[in-house]
Amino acid sequence: MNQIISKTIAVFSRPFTFPGFDELLPAGEYDIETELSAPPDYLDPEAWKASVLIFLHPRKSHPGLARTLTVSLADLERARARDKLSAKELSQFLLDQLLADPMVQLIMEADGVSET
């Protein structure tokens, strides 16, 4: 069986975590490698699940140390979904703050623009 590896980049707009990993990872771009099929020497190919290798940012205390983290595809998708949801909540919060600002309300009124 051929081993298929997909390479991509995941972008997180806010810090995030993974289950079982006690470090808060900073927002930013992360290189991702996903093994889509079982390695040739895997004992039970039917029970194999796609694994995701995330290349972590180096720590400030060890700038030359390359680190990786292996997580399940489901955990990566959950982290990405939480990041997208938190961005929506943040944008809604900012919009509400802008619409509550008296200066913004005056400018909107002068321009003939409503909240809707």
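I started with Asp75 and Arg78, whose side chains form a salt bridge at 2.6 Å, N to O. The model is predicted. Both residues sit in helix 1, three residues apart, so about one helical turn separates them. Asp75 is buried at 17% relative accessibility, while Arg78 is partly exposed at 47%.

I then looked up Glu77 and Arg80. Their side chains also meet in a salt bridge, 3.7 Å from N to O. This pair too lies in helix 1, three residues apart. Glu77 is partly exposed at 41%, and Arg80 is partly exposed at 27%.

I counted five salt bridges. Glu23 and Arg67 make one of them, with the closest N and O atoms 3.0 Å apart. Glu23 is in strand 3 and Arg67 in strand 6, so this pair ties together parts 44 residues apart in sequence. Glu23 has 18% relative accessibility and counts as buried. Arg67, at 15%, is buried as well. I also found Arg59 linked with Glu23 and Arg67 in a salt-bridge network.

I turned to the largest nonpolar core, which has 14 residues. Phe18, Tyr30, Ile54 and Leu76 touch the most other members. Strand 5 gives the largest share, three residues. I listed contacts of Tyr30 beyond four places in sequence; among them are Ile9, Phe16, Leu25 and Ile54.

Last, I noted the whole chain. Its elements run β-β-β-β-β-β-α-α from the N terminus. Of its 116 residues, 24% are buried. The accessible surface is about 8600 Å², 58% of it from carbon and sulfur atoms.

How values were computed: Residues numbered from 1 in each chain as written. Predicted model: local features only at pLDDT ≥ 70, side-chain atom pairs only at ≥ 80, totals over all residues. Heavy atoms only, no water. Core = buried A, V, L, I, M, F, W, Y, C linked by side-chain atoms within 4.5 Å. Buried < 20%, exposed > 50% of the residue type's maximum accessible area, 1.4 Å probe, protein only. Helix = DSSP H or I, 4+ residues; strand = E, 2+ residues; numbered from the N terminus. Contact = heavy atoms within 4.5 Å. Areas by Shrake-Rupley, 256 points an atom, 1.4 Å probe, with all protein chains shown as cover. Salt bridge = Lys/Arg side-chain N within 4 Å of Asp/Glu carboxyl O.
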